[in-house]
Amino acid sequence: MEQSEKLKKQYGTYSQKQKKTIQSEFKQSENLFLATQKCMDALKLATEGKNPEAMKLLDESLKLAPNLFLVHCSYGMFFSEHLNDYSRAVDSYSKAIELQPYFAGTYSARSLANFALGNFNKAIEDCTTAIQLDTTSSDMTAYLYCIRAIMHYSLKNYELSIKDFNKAIQLKEDNNHALYSLRSKSYIELGQYENAIKDLDISIQMETIPKYLVENYLLRGSAYAELKEYDKALFDFNKVLEIDVKNFKSYALCALIYYKQEKYNQAIENCNKLIQLRPNYGSGYYLRFKCYQGLGIAMQHLEDMQKAIELGYEI
């Protein structure tokens, strides 16, 4: 009570100009608080699919605090994650960066938006800045290296991609099997199949999610096939079918290997499965025709060649 009286007396001694300044500061603080709350409410509404209501709250927050970093970040998240409007997301994140140029997360977010727009070099530049700024945790830095590695991969800069995956793996020592799987793709593109297989061995051993196991077995099987280790390749493709009996890619790859081994009947069986699952897959008909050709009965199965051509398969 005494403290309150003291403040009142002190306030009473201020000049009119000082009083206006204090009132303005109070009002500004109140606006910042309200704007922050509106941003939080807007993003919550957006997650519920209520985009018009979310946009209205964001516009209200901008009027209350046009220079609040959080407001522009919230716009960026809304445009990027809920409207897929990456151009406006970039603009919003850019404004946020003008207001707070030392926050790694904003560069990371703008990087992803630029990447979605196909502005790969700008995306990599932002990701690099985020890596340089980030000091929060090794997991966050590993994530940033991983994102940049994927961008390099998209630009076919496979060696740079591998370097960034190496950094990410060093930083994230636990639960990092997905990084090995991703790095293997760059090794495959460079023709370094042995390195790819080593990475996929690790990933397969640690992976528990079926769809990712399928992808890893397909990748490793394809790497073995490139090395002409056909039995190991067939083992992996059959592991895929144990998980997903309708995986048409595995039937196609098995058929191709059996054809190369001149095991035409087994190749035809896999072509039949492939055609059953993908009747508009022209290469299935063509490969089956080639198998019949290998058996010396191609003239009895010319309809396969004709069907392949009808479906647009280039002979």
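**Figure 1. Aromatic pairs in the predicted model.** The structure, a predicted model, holds 8 aromatic pairs. One of them joins Phe 69 and Phe 103 in an edge-to-face arrangement, with 5.8 Å from centre to centre and 85° between the planes. Phe 69 belongs to helix H4 (residues 69-81), while Phe 103 is located in the loop between helix H5 (86-99) and helix H6 (104-116); the pair therefore ties together parts that are 34 residues apart in sequence. Phe 69 is partly exposed, its relative accessible area being 23%. Phe 103 likewise counts as partly exposed, at 44% relative accessibility.

**Figure 2. The rings of Phe 78 and Phe 79.** The ring centres of Phe 78 and Phe 79 lie 5.9 Å apart. Their planes meet at 50°, an angle between the limits of 30 and 60 degrees, so the pair is classed as tilted. Both Phe 78 and Phe 79 are buried. Together with Tyr 75, these two residues form one aromatic cluster.

**Figure 3. Arg 278 over the face of Phe 248.** The view shows the side chain of Arg 278 and the ring of Phe 248. Arg 278 is placed over the ring face, at 4.1 Å from the ring centre.

**Figure 4. The largest nonpolar core, with 23 residues.** Ala 233, Phe 237 and Ile 257 are the residues with the most contacts inside this core. At least two core residues are supplied by each of helix H11 (193-206), helix H12 (210-226), helix H13 (230-243), helix H14 (248-260), helix H15 (264-277) and helix H16 (282-294). H12 provides the largest share, 7 residues.

**Figure 5. Surroundings of Phe 237.** Leaving aside residues up to four places away in sequence, Phe 237 touches Tyr 217, Leu 218, Gly 221 and Ser 222, as well as Ser 250, Leu 253, Cys 254 and Ile 257. Of these neighbours, Ile 257 is also, like Phe 237 itself, among the residues with the most contacts inside the largest nonpolar core.

**Figure 6. Lys 263 in the loop between H14 and H15.** Lys 263 has a relative accessible area of 35% and is therefore partly exposed. Ser 250, one of the residues touched by Phe 237, lies 13 residues from Lys 263 along the chain. The C-alpha atoms of Lys 263 and Ser 250 are separated by 17 Å.

Key. Residues are numbered from 1 along each chain as its sequence is written. This is a predicted model: local features need pLDDT of at least 70, side-chain atom pairs count only at pLDDT 80 or more; totals for chains, interfaces and linings use all residues. Side-chain values use heavy atoms; hydrogens and water are left out. Rings of Phe, Tyr and Trp (its six-membered ring) pair if their centres lie within 6.5 Å; planes under 30 degrees apart count as stacked, over 60 as edge-to-face and the rest as tilted. Helices (H or I, at least four residues) and strands (E, at least two) are DSSP runs, numbered from the N terminus. Buried means under 20% relative accessible area, exposed over 50%, partly exposed in between (1.4 Å probe, protein chains only). A charge sits over a ring if NZ of Lys or CZ of Arg is within 6 Å of the ring centre and within 35 degrees of the ring normal. A nonpolar core is a set of buried Ala, Val, Leu, Ile, Met, Phe, Trp, Tyr and Cys residues joined through side-chain atoms within 4.5 Å. Contact means heavy atoms within 4.5 Å.
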